[in-house]
Structures are given as C-alpha cells and as structure tokens.
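This report covers the pockets and the aromatic contacts of one protein model. The sequence and structure come first.

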Amino acid sequence: MAVFAKIVEQRLHHTPPFTVAVLGGDAREQQLITVLDQRGWRLRCFARPPELLPDGAYFCETAAEAMNGVDAVIMPIPGLREGGKLYCGELLSPGLTNEDFLVLPAQTPVLAGVISQQLRELTAAADLRLIETAEIEEIAGPAAIATAEAALAIAIAADQRYLWGRSALIIGYGRIGNALAPRLKGLGITVKIVNRSSRRREKAVEDGWTVAEWQDIAVAASEADLIFNTAPALVIDQELLAKLKKDCLIIDVSAAPGGCDFAAAHSLGIKATSAFGLPGRYAPQTMGEILATVYPCLLEQLLAEKGSEL
C-alpha cells in the first residue's frame, strides 16, 4: 500500500460505473454511501437502515444477495466481531458464512478496516483479495486523533474531579499514544509513557516525554491517577490492578480483545472503561468524509489492477 499516498492525491476526472456491496457499518459508512451514490457508483447494501439509503442504492435482504454480481465489497471498519458477526453500529449484527462470500468471483477486492482471523479464513476460502484499510495512513492518522479526543471526553465525563494537576500513564506509543500525550499535557496533566518496544520508548524520549522502562510498568501504574491503554494485549492484569490506586481510572482504547482484565478491575473496585471503536462513535462524520475520500481512489486502483490481469 506504499504507493497509495500518491494515488489519493490524484484528482480523478472519470469514475467507471462500478458496482459495490456495502455490508453493515455505522454513520461512517453512511457518509461513504452518500458520496459513492453521488459519483454514480451502483450500490448494493446489506444490514443498513433502508430509510437512510439514497435513491441510487439498492437494499438487500441478505449478504449473499448484496455481494452477487459486484466488483468489490466494503465491510465496516471493525469488520467482523466475535462469532463472525458483522459490525452494524446500533443495529442487530447478522453473521456471515462461507456461502455468502462464495458468490464472489476469485480475487474480488474486499475492504475491511480491521481484519479478524475469521474474516481472513472466510475470504481465503473464496480466494478473495482482502485489504486491511485501518493501517492506511490517510485513515489511521485521523482515526488516532479522533480516538485521543474521545478518550479525553470519556475521562472528563467519568471523573468528578479536575483533570488539571493529575498524572496519567499511557501504555503504548503508537499513533494513538502519540496523539493522546500532547492533548493530556494541554489539560495540565503530567504524562508518562511506557512501551514494550525500546524503539518506541526512544521515540517518546525524543518527543520530550517522561518514559518508564517496561519492567517498571507496575511502579509507573501505581503512581498514576489515569491509565490509558493502547496495547491490544492483556497488559493490565489482576496482578497489576492490585497495585493501582483505588480511585485510578482506566480507559482502554485498544482494539479487541483489549488490554485490561475488566472483571478483575470490577472485583477490586477500580473503574475501567472499554472504549472500542471511538472514531465511529465520537467523530463519525469526519471519519466518514475521510473514507469517502480514500476508498474511491483505492477501489479504482484495485479494480484497474484486477482488470489488467484478466
């Protein structure tokens, strides 16, 4: 996907009349559907509110019906949830099966923000081309900012005291940690970073942050009033939780399955919040506009490549 940054900068003057299936999603996909419809793309939508679809979009009763005869498939940013359930925002999540994907020709592009193992297996069985879009920088960068802003909103709403003068530990210094740290500092919060990777710890030091070594995470956590976890692996386990302040607030913004033992936190009386999918919940319009900019260019490139191979 390295060449994509160049593709998205191009102004495309003609859009072929592609037919695309849009499965599930939330307000982000709604914005995308609106833009693709305005560009003349033929849309077959499943697990979307029919009353919200533009006149040019066709509502389908089943996933197989939606994917029958299309050039590409757009799945929601969270992709498939546990049990193969399609993410549909506030709507009931239907399950997808091998039979649904087998209606697609081989090497049909399937776009999904986050790719679960089950989605990988389903698309591999049908010999489809699966593209993980959440890691495209034009999407991942804004999503990190939206996540950081939403995490602050959660912290402000969940705590009955000033954030000014408090201390925060950020676990992980990827895109989200990088976006979150200066925003916390701007609210007068003392920030400390901990990361398993020495390279990212060095980057945090270069950026001017106080950094704890990974082996010292328990000490750093015990001193924090707020803990923001961005690592998608169990980091905040029962042993670590036992060392925290009783009034510590944990906000886990990592991808599923998350990095905190929430049951253990509850039993210890520590407030912990799972904040999965924040960009779609707190900034759906902005993220939808970004998808509407990125996806058409990406799909045109993928479909042009597929056409040249035939």
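## Basis

A pocket is an open set of grid points, on a 1 Å grid, with protein on both sides within 12 Å along at least five of seven lines. Its volume is the space filled by probe spheres set on the points. The model is predicted.

## Second largest pocket

The second largest pocket has a computed volume of about 370 Å³. It is lined by 17 residues, and R81, A255, A256, P257 and F276 are the closest to its centre. By class, this lining holds 10 nonpolar, 4 polar and 3 charged residues.

## Largest pocket

For the largest pocket, the volume comes to about 940 Å³. Its lining is made up of 40 residues, with E135, I176, V253, S254 and A255 closest to the centre.

Four helices each supply at least two residues of the lining of the largest pocket: α6 (137-158), α7 (175-186), α12 (278-282) and α13 (284-309). Of these, α6 gives the most, with 5 residues.

## Aromatic pair

The structure contains 1 aromatic pair. The ring centres of F18 and W41 are 5.3 Å apart and the ring planes stand at 70 degrees, so the pair is edge-to-face; the cut-off for that class is over 60 degrees.

F18 sits in the loop between α1 (4-9) and β1 (19-23), and W41 in the loop between α2 (27-38) and β2 (42-46). The two residues are 23 residues apart, and the pair links distant parts of the chain. Both F18 and W41 are buried.

Definitions and conventions. Residues are numbered from 1 along each chain as its sequence is written. This is a predicted model: local features need pLDDT of at least 70, side-chain atom pairs count only at pLDDT 80 or more; totals for chains, interfaces and linings use all residues. Side-chain values use heavy atoms; hydrogens and water are left out. On a 1 Å grid over the protein atoms alone, a cavity is a set of points where a 1.4 Å probe fits but cannot get out, and a pocket is an open set with protein on both sides within 12 Å along at least five of seven lines; lining residues have an atom within 4 Å of a point. Ala, Val, Leu, Ile, Met, Phe, Trp, Tyr, Cys and Pro count as nonpolar, Asp, Glu, Lys and Arg as charged, and the others, Gly among them, as polar. Rings of Phe, Tyr and Trp (its six-membered ring) pair if their centres lie within 6.5 Å; planes under 30 degrees apart count as stacked, over 60 as edge-to-face and the rest as tilted. Buried means under 20% relative accessible area, exposed over 50%, partly exposed in between (1.4 Å probe, protein chains only).
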